[in-house]
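I opened my notebook to look up the salt bridges here, and I wanted to write down each step as I went.

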Amino acid sequence: MPDQKKLTEAQHNLIHHNVLIMWKPEYNLGIPIVDEQHRGVVATINSLYYGMQNKHADTMLRPVIEMINNYTTIHFETEEDFLKKCGYPDLEQHLELHNELKKKLSSVGKKSIWEQDPSQFMEFLKTWWIDHICKKDWLFRDYLLK
Ligand SMILES: [Fe+2]
Ligand SMILES: [Fe+2]
């Protein structure tokens, strides 16, 4: 950490810039590869948030969308493979949720780029985090701990 006394106010604000979602240990499901990938999703949300706060969103939006598109393919593949291997009883429902998310990701991503509006993409990412990762993916943990 640099010497705090030598920092300008702008530098100080940058270093102490708040992230939107601060990762906490309780977010871990206990499946290391899935947890790491969820952290990757959170890192992407935080990067877009940073861009929006610092007026870099225009240049960051397209790479963020491309990144999350690719990352989603990798993540869903990993999660689905894991669920199949451990005989998860609600596999079909979870696959359906992933398919819906992929479709939504594609349509919201295109619309956000077309309208140059990062906020609607951010809303989609936040909903994904809150409604899917923190709720639906969380059910794996309950199943595995039974
Ligand atoms: Fe997930
Ligand atoms: Fe999932």
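Which residue forms a salt bridge with Lys111, and how far apart are the closest N and O atoms? I found that the partner is Glu115, with the closest N and O atoms 3.6 Å apart; a salt bridge is counted when a side-chain nitrogen of Lys or Arg lies within 4 Å of a carboxyl oxygen of Asp or Glu.

Before going on, I noted that this is a predicted model, in which local features need pLDDT of at least 70 and side-chain atom pairs count only at pLDDT 80 or more, while totals for chains, interfaces and linings use all residues. Residues are numbered from 1 along each chain as its sequence is written, and side-chain values use heavy atoms, with hydrogens and water left out.

I then checked accessibility, where buried means under 20% relative accessible area, exposed over 50%, and partly exposed in between (1.4 Å probe, protein chains only). Lys111 is partly exposed at 43%, and Glu115 is partly exposed at 42%.

Searching the whole structure, I found four salt bridges. One of them joins the side chains of Lys85 and Asp81 at 2.9 Å, N to O, and both residues lie in helix α3 (residues 57-85), four residues apart, which is about one turn of the helix. Helices are DSSP runs (H or I, at least four residues), numbered from the N terminus. Lys85 is exposed at 67%, whereas Asp81 is partly exposed at 35%.

My last entry concerns Asp131 and Lys135, whose side chains meet in a salt bridge of 3.5 Å, N to O. These two are separated by about one helical turn because they are four residues apart in helix α5 (residues 118-136). Asp131 is partly exposed at 38%, and Lys135 is partly exposed at 48%.

Key
Chains are lettered from A and ligands numbered from 1 in the order in which they are written.
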